[in-house]
Structure formats: structure tokens, C-alpha cells
Amino acid sequence: MQQVSKKVILIGNFGVGKTSLVRRFVYQKFSEEYLTTLGVKIDKKSVEIKEKNTIANLIIWDIAGEVSQTQVPQSYYLGSHGVIYVLDITRPSTYTRIQEDLDYVKRLLPKAPICIVGNKVDLVSAQDIEKFKSSVMIPVHFLTSAKDGSNVESMFLWIASQMIG
Amino acid sequence: MQDQLMLKIKDLLLADEMKKTRALEEEIKRLKQELETLQPKIISKVEQNIAEISQPIIETKVKRELRESTDTLIEAIYPLLGKLIKKYIQVELEKLADSIDKQLDRTFSLENIKKQLIALWEGVSYKQIVLREAAVQRVEVQEVYIIEQESGILVGKYSVGKIIDQDLIAGMLTAIKAFIEDAFNQKTGSLDMIEYGTFKIIIQNSYKFYLAAVVAGTVDSKVKADLLDILLNFASKHLAKPREELTEEHLSKELAKIFNQYNEKNK
């Protein structure tokens with residue numbers, strides 16, 4: 001099995017649950033306590049992509065949340081092999097600028113796959129999810145919950161597989 | 001006559017109470033005596049058992065206090081640590097002074113004349129040469145990383161021991177470097193050294209990669225310049241190839257050859 005290292009960045013508004021998603025994926029833990037990320041926090045986890053006979057060492061850059069992604073230092077984006085854009089389903093203000101943000105990211109990283117994630121699915125009803133899907137205007141790849149772990153693993157596996165190509 | 005009458009009336013009226021008072025006084029006296037005889041026995045018993053009874057309670061309490069009041073504890077220990085450090089520096093300076101004295105004692109030796117000639121040749125003072133030799137310590141390269149400039153991905157490594165996850169160090173170094181370069185809007189300049197405690201991280205940039213060496217010991221400008229040269233030579237010899245041709249295994253092996261030799265020489 002071949003081994004590859006890939007840099008994946010998590011971006012999105014503050015408080016959408018980027019750090020909690022990483023924490024759930026890497027350490028299988030969740031905390032109700034909210035601590036804002038300062039700058040960037042780096043974690044690592046290896047995943048096996050069986051269909052590609054590859055072990056991917058994911059170097060995960062959890063970047064401090066910003067209202068607009070243009071405010072994130074450009075150097076944090078450089079060299080990224082994949083991007084996870086996280087939204088908070090319960091807060092429409094976290095996805096009003098999504099198109100603008102995605103255009104910016106695509107300009108900086110034209111080759112990198114982007115995974116759009118609606119987090120905090122545990123807090124909403126099926127009806128709210130439908131409402132969210134119609135208002136977000138862009139296809140959301142995964143609806144996740146860092147709290148109960150739903151779809152977290154599959155979301156990271158998906159981006160890992162996309163990055164390997 | 002009247003007084004006697006009063007006494008008789010008093011005796012008649014308070015006879016019972018007076019009896020009781022006397023009986024109570026007797027009882028108190030008896031108890032007091034009993035207590036006096038028992039007191040040494042009780043004290044010795046308490047002395048025997050107090051350690052046994054209180055030890056677990058005190059232990060739990062102290063542990064809780066240590067856990068909950070770490071800051072207070074550090075606050076209390078800090079001045080003591082300061083004194084210890086001061087003492088340590090004082091001892092080290094004394095050793096250095098001794099070493100200089102010994103060097104100066106050999107003023108007319110052949111070795112000393114050689115040093116004076118080196119000082120003249122290098123254009124530094126004789127004192128500097130003596131100090132440099134007196135203060136010389138072992139320099140050890142403990143870790144070397146070859147890191148991709150933009151992604152922060154580790155592509156080669158050398159390690160004397162195992163510090164922590166090298167992929168994470170490579171990522172964090174890249175983030176720090178990127179942050180500093182962004183913050184100062186410096187595209188031409190670059191971060192070339194980070195100091196942390198007794199460690200120094202010397203950074204040499206090449207085109208697509210940068211190399212970081214974690215060094216322990218006294219890193220003066222000469223050691224730093226030498227290491228930067230070694231890293232630069234390594235980069236031009238091994239990294240000026242297409243990315244697909246670079247393998248972690250090969251690069252790590254080459255790093256090990258160079259830095260094992262370097263550490264051996266500096267022992």
C-alpha cells in the first residue's frame with residue numbers, strides 16, 4: 001500500500017464547529033465548551049483508502065474562523081490539497097457569503113477539491129434541513145454532527161479520496 | 001440575735017440546695033482527679049493514632065489543592081526557582097572564570113602563542129579566542145526536517161531521539177513561518193532561526209523546500225553559519241530535482257549520513 005501526505009484545510013465562519021469536527025475525527029471526542037481558535041491548529045490522522053490502495057496521512061489545518069475567507073492569511077491556503085468549508089445549519093449568517101468565499105478559494109487553489117459541510121445537524125429537525133438546503137443555493141456534500149459523530153468519518157474519507165485523485 | 005435567726009432560717013430553707021452544691025463540688029473534684037490521671041494516657045493514644053487517621057485526609061486535601069491552585073503553587077515556587085537558577089549561573093560563571101584563569105596561566109606556552117596568532121589571523125581579540133574556547137560546549141543536531149514550502153508537508157527527516165510527531169512540527173513550523181512572513185509583509189526576507197529554551201531551530205530556505213535543524217548546545221554565529229552551509233549544500237545536491245523523484249526514504253538516509261558525521265565530529 002502506498003503512503004501519501006496531504007494537507008487539508010478547514011475554513012468557515014467562527015463557531016461553525018471546525019475544531020469540533022477535527023476533534024471528533026482525530027480524537028473521537030466532543031466538548032460543549034467553545035474555545036475560539038487562534039491562528040491555526042494542526043492535527044494529523046492517517047486513513048486507509050482501500051479502493052485506491054493508499055494510506056493517506058491527512059495533515060489537517062484547522063484555521064481560525066473568519067466572517068469572510070478573504071481575511072484568512074493567504075499563506076495558510078498555499079499548498080493545500082483539499083478544502084473543507086464548514087457551515088452552521090442553525091445560523092444562516094454563516095452561509096450568506098458562501099458563493100463569494102468559494103470563488104475566492106477556487107482562485108487560490110484551482111486544483112483542490114472542496115467539500116461543503118453543514119454541521120450541527122443534531123440541533124435541527126428534518127423540516128429545518130429542507131429549509132436549509134433550499135436557502136444555501138449550493139449543493140452541500142455532507143450534513144454532519146461533531147456532537148454525535150454523524151458523517152464526520154465519511155466526510156474526511158471522502159475528501160481524502162478526492163485528494164488522492 | 002437577729003443574725004442567728006437569719007442563719008437558722010437559711011439553713012432550714014436552703015439545706016437541700018447546699019447539700020447538692022457540696023455533692024457537686026465533690027463530684028467535680030473527683031472528676032478532675034480522674035482526668036488528671038487519664039490525661040497522659042489520652043495524649044499518648046492521640047499521638048499514636050493521629051498520623052494514621054489524618055494521613056489520608058491530608059494527602060487528599062494536598063492533592064486537591066495542588067490540582068486546583070497550580071498558579072498559587074507556581075507563584076510560591078517561582079522565587080525559589082529564580083534563586084536556584086541564579087545559583088546555577090553563578091557556579092557556571094565561576095567555572096568559566098576558572099577555565100579562563102587556566103588559559104591565562106599558560107600565557108607563555110606554545111599553545112598560547114598559537115592562539116594569539118589565530119586571533120591576529122581572524123581579526124578578533126585574544127580575549128575572544130580564550131572565551132570561545134572556555135565556553136565551548138557540545139553542539140548536537142537533534143532533528144532535521146525537509147519541508148515543502150507551501151504545504152508544510154514533511155519530505156525527509158533525521159532524528160537522534162523521538163521528540164514528538166514530526167509531521168505536526170513540520171506543519172506548525174510552516175504556519176509560524178507563513179504567519180511571520182504575512183504579518184511583516186516580507187516576501188524577500190525569511191525566518192532563519194527560532195529559539196526555544198536550550199534549543200535553536202535553524203532554518204535554511206531553498207526554492208520549493210526549506211530545511212530546519214533543531215540544535216542543542218551553544219550555537220554561536222560560526223556554528224549557525226556552518227549549519228546553514230551544510231543545509232544549503234544538501235538542498236542544492238539533493239532537492240534540485242522534480243518532486244516525483246524525491247523519496248522520503250532516500251532523503252532521510254542522506255540526512256542521516258551527514259548529520260551522524262556532524263554530531264560525531266562535535267562530540
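## Basis of the model

This is a predicted model: local features need pLDDT of at least 70, side-chain atom pairs count only at pLDDT 80 or more, and totals for chains, interfaces and linings use all residues. Residues are numbered from 1 along each chain as its sequence is written, chains are lettered from A and ligands numbered from 1 in the order in which they are written, and side-chain values use heavy atoms, leaving out hydrogens and water.

## A nonpolar patch

Helices H1 (2-68) and H2 (70-105) of chain B each supply at least two residues of a nonpolar patch. Helices (H or I, at least four residues) and strands (E, at least two) are DSSP runs, numbered from the N terminus. H2(B) gives the most, with nine residues.

The patch lies on the surface and has about 1100 Å² of accessible area together. Its members include Ile58(B), Val62(B), Leu80(B) and Tyr88(B). Patch residues have over 30% relative accessible area and no salt bridge; nonpolar side chains (Val, Leu, Ile, Met, Phe, Trp, Tyr) are joined within 5 Å, like charges within 9 Å. A salt bridge is a side-chain nitrogen of Lys or Arg within 4 Å of a carboxyl oxygen of Asp or Glu. Areas come from the Shrake-Rupley method with a 1.4 Å probe; for residues, only the protein chains shown count as cover.

Leu80(B) sits in helix H2 of chain B. Its relative accessibility is 52%, so Leu80(B) counts as exposed. Buried means under 20% relative accessible area, exposed over 50%, partly exposed in between (1.4 Å probe, protein chains only).

## Helix H3

Asn112(B), Lys115(B) and Ala119(B) are the buried residues of H3(B). They fall within an arc of 55 degrees seen down the axis, so they line one face of the helix. The arc is that of the directions from the helix axis to the C-beta atoms. Exposed residues on the other side of H3(B) include Leu117(B) and Trp121(B). Just after H3(B), Gly123(B) takes a positive phi of about 70 degrees.

## Helix H6 and its cover

Buried residues of H6(B) include Val223(B), Leu227(B), Phe234(B) and His238(B). On the other side of H6(B), exposed residues include Lys222(B) and Asn233(B). Strand S1 (140-148) and helix H7 (248-265) of chain B are among what covers the buried residues.

Gln142(B) lies in strand S1 of chain B. Gln142(B) is buried, at 18% relative accessible area. Leaving aside neighbours within four places in sequence, its contacts (heavy atoms within 4.5 Å) include Tyr158(B), Phe199(B) and Val214(B).
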